[in-house]
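Colleague: Hi, could you walk me through this one? I'm new to it.
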Amino acid sequence: MAQRLPLLIALAGAAVLFLSIAFVFALVLGAMFFGGIEFTGGHMDAEASGISFVLTS
């Protein structure tokens with residue numbers, strides 16, 4: 001069993017890499033078909049609270 005340990009570790013690493021790439025691919029497809037992904041909770045929530053930050057130069 002100890003001889004197969006490097007192979008199992010390599011397979012586990014490849015599986016994690018594949019799943020992370022598939023997850024990012026799913027996020028991109030979701031953003032394309034569903035109009036974007038809001039990671040900040042949405043800008044409409046910030047507008048509804050009455051607090052707005054304006055950047056002026």
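Modeller: Happy to! Helices (H or I, at least four residues) and strands (E, at least two) are DSSP runs, numbered from the N terminus. The chain has 2 helices and 0 strands. The model is predicted, with local features needing pLDDT of at least 70. Residues are numbered from 1 along each chain as its sequence is written.

Colleague: How far does helix H1 reach?

Modeller: Helix H1 covers residues 5-34 and spans 43 Å from first C-alpha to last, close to the 44 Å expected at 1.5 Å a residue. That expected span is 1.5 Å times one less than the number of residues.

Colleague: And what follows H1?

Modeller: Gly-35, with a positive phi near 80°.

Colleague: New topic: is Phe-34 buried or exposed?

Modeller: Phe-34, which lies in helix H1, counts as exposed because its relative accessibility is 70%. Buried means under 20% relative accessible area, exposed over 50%, partly exposed in between (1.4 Å probe, protein chains only).

Colleague: How much of the whole chain is buried?

Modeller: Of its 57 residues, 4% count as buried.

How values were computed. Predicted model: local features only at pLDDT ≥ 70, side-chain atom pairs only at ≥ 80, totals over all residues. Heavy atoms only, no water.
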